[in-house]
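Please read these notes with the model open beside you. Each point takes up one feature.

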Amino acid sequence: MAPNNDFDLVVIGSGPGGYMAAIRAAQLGMRVACVEKDQAPGGTCLNIGCIPSKAMLDSSERFHVAKSGLAAHGIKVSGVELDLPTMLSRKDRVVKTLTSGVSGLLKKHKIERVIGIGRLTSPTTVEVTGGETRTLTTKKVLIATGSAPIALPALPFDGKRIVCSTEALAFTSVPKTMLVVGAGAIGLELGSVWARLGTAVHVVEFLDRIVPGMDRKMGEALQKLLQKQGITFQLQTTAKAAKVSQTGVTVTLESNGVSEQREAEVVLVAVGRRPYTEGLGAKEIGVELDAKGRIVVDAHFQTKVPGVFAIGDVIAGPMLAHKAEEEGVAAVESMAGQAGHVNYEAIPSVVYTAPELAAVGITEEQAKERGLDIRIGTFPFLANGRAKAMGETDGMVKMIADAKTDRVLGIHILGARASDMIAEAVVAMEFYASSEDIARSSHAHPTMPEAIKEAALAVHGRTLNL
């Protein structure tokens with residue numbers, strides 16, 4: 001029997017934003033198709049991004065702790081060895097389990113998966129090629145095609161010596177040396193993985209700071225901690241050229257007009273990502289793109305073409321999986337006449353190094369740029385009982401509040417489990433909490449989140465444990 005090609009919504013892309021939007025649309029009674037060019041759903045995040053990188057971060061951290069972090073706890077170990085093939089296999093199993101789970105969710109909600117490359121030929125028609133060959137007709141289209149690594153002309157990817165994050169998750173042996181170009185989350189996370197496994201990692205960054213989207217002082221504190229772990233940094237530096245040989249890469253670096261040659265077995269280019277809009281046919285049917293190639297949408301995620309919507313990495317805003325998820329749900333709820341909405345002031349960001357750096361809201365610099373009168377409270381994990389017991393005393397919590405209203409404007413956490421603790425901060429900001437609200441909320445003792453309470457108390461100069 002021929003497939004039914006008529007849908008209420010066709011979602012192009014099955015990453016976190018796409019598959020979550022498809023599921024929510026199905027819950028709202030729409031007949032949905034989800035077009036994906038790859039066999040496994042989940043997009044970059046599940047297959048070659050968030051999930052495999054976190055699996056490798058966790059495994060490499062355990063290896064590092066087993067080698068050098070257990071003696072202080074009275075645990076004697078010897079003969080610790082790295083079994084990289086098993087580590088990589090575990091990572092792949094984690095990915096397969098989760099992508100299979102997404103497939104199951106799509107099936108559960110009766111969403112039709114269509115394997116192939118989707119291309120808009122009109123606002124209501126999507127042609128699929130390169131896998132299945134079908135023409136889908138639909139009332140609405142949601143573009144959720146994500147992003148791809150940015151390549152540098154001076155360091156073109158070859159997949160072996162000059163790589164992007166995809167290849168850096170699958171090295172079959174531990175490189176002796178690695179040059180990381182770009183000190184954002186991806187570069188620091190993957191640099192950390194291989195540094196723990198024995199690679200000498202050197203990071204170069206064009207700007208004068210690492211993690212440029214984060215609070216400067218917290219970023220500087222993270223840099224010092226990473227340097228203690230053996231990672232070296234070279235800021236305000238540009239990679240101008242590269243020469244690949246059988247054994248590695250010689251990169252020409254330029255700092256303040258002075259050039260130098262640096263050799264590395266592999267070079268990881270992690271300077272950001274670009275929206276994946278090539279071959280979509282969106283521009284041809286009238287969808288507007290901005291100067292960075294991102295799709296322009298209105299407050300309801302609709303493009304200039306009625307019925308065509310876009311979310312996630314292909315539109316403006318931080319390229320984060322959870323941001324795409326929120327936008328996907330909000331977009332389809334708007335299509336259904338509901339009040340879909342995303343509060344961009346309460347979207348967290350996390351750098352999954354050790355310690356982690358997590359943040360929500362504005363930074364101290366942004367507050368000053370906006371001319372805001374603020375109060376700042378900080379509290380170090382060195383004074384937190386649970387952190388002491390765990391042996392995880394690096395880092396601090398920093399809270400920024402409006403000096404007049406006491407409303408929390410930003411919370412920044414550098415420390416172990418910061419990625420989990422930031423959830424409290426997000427909820428607080430979502431409900432427009434004041435620092436006083438947080439300070440008077442009971443926190444279980446002993447726990448790491450008590451440091452958030454203490455930072456809230458510090459906003460008004462009344463910490464209790466410092």
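1. Start with a definition: two strands pair if DSSP finds at least two bridges between them. Helices (H or I, at least four residues) and strands (E, at least two) are DSSP runs, numbered from the N terminus. With that in hand, look at strand β12 (residues 237-244) and strand β13 (residues 249-255). They run antiparallel and are joined by seven bridges. Four residues make the hairpin that links β12 to β13. T238 sits opposite E254 in β13, and A239 sits opposite L253 in β13.

2. A word on the source. This is a predicted model, where local features need pLDDT of at least 70, side-chain atom pairs count only at pLDDT 80 or more, and totals for chains, interfaces and linings use all residues. Residues are numbered from 1 along each chain as its sequence is written, and side-chain values use heavy atoms, with hydrogens and water left out.

3. Now the sheet around that hairpin. Three strands form an open antiparallel sheet in the order β12-β13-β14. Its edge strands are β12 and β14 (258-264), and each pairs on one side only. From one strand to the next, the twist averages 25 degrees. Angles run from 0 to 180 degrees between N-to-C directions; axes are lines fitted to C-alpha atoms, for helices over the stretch in contact.

4. Q236 is not a glycine, yet its phi is positive, at about 50 degrees. Q236 lies in the loop between β11 and β12.

5. A second open sheet has five strands, with parallel pairing, in the order β8-β15-β9-β10-β11. Which strands stand at its edges? They are β8 (162-163) and β11 (232-234); each has a single partner strand, so one side of each has no neighbour in the sheet. Inside the order, strand β9 (residues 177-181) and strand β15 (residues 266-269) pair in the parallel sense over four bridges. L179 has V267 in β15 as its bridge partner. Helix α6 (residues 185-196) packs on this sheet and touches β9, β10 (200-204), β11 and β15. The direction of α6 makes about 170 degrees with that of β9. Contact means heavy atoms within 4.5 Å.

6. The rings of F171 and W194 have centres 5.3 Å apart and planes at 55 degrees, so the pair is tilted. The rule: rings of Phe, Tyr and Trp (its six-membered ring) pair if their centres lie within 6.5 Å; planes under 30 degrees apart count as stacked, over 60 as edge-to-face and the rest as tilted. F171 is in the loop between α5 (165-168) and β9, and W194 is in helix α6, so the pair ties together parts 23 residues apart in sequence.

7. Next, α6 against α3. The two helices pack at an angle of about 35 degrees, with axes 9 Å apart. The crossing of α3 past α6 is left-handed. A crossing is left-handed if the near helix is turned anticlockwise from the far one by less than a right angle, and right-handed if clockwise. Residues of α3 in the contact include M56, L57 and F63, while those of α6 include L190, V193 and W194.

8. Helix α3 has another neighbour to look at. α3 (residues 50-68) and α4 (residues 84-108) pack at about 140 degrees, with axes 9 Å apart. That makes α3 oblique to α4. Angles under 35 degrees count as roughly parallel, over 145 as roughly antiparallel, 65 to 115 as roughly perpendicular and the rest as oblique. Here the crossing is right-handed.

9. Helix α1 (residues 16-27) packs on α4 as well, at an angle of about 25 degrees with axes 10 Å apart. That makes α1 roughly parallel to α4. Y19, A22 and I23 of α1 meet V102, L105 and L106 of α4.

10. Last, check two peptide bonds. A354 and P355 are joined by a cis bond, with omega about 5 degrees. P355 is in the loop between β18 (349-351) and β19 (356-361). The bond from H445 to P446 is also cis, with omega near -5 degrees. P446 is in the loop between α12 (435-439) and α13 (450-458).
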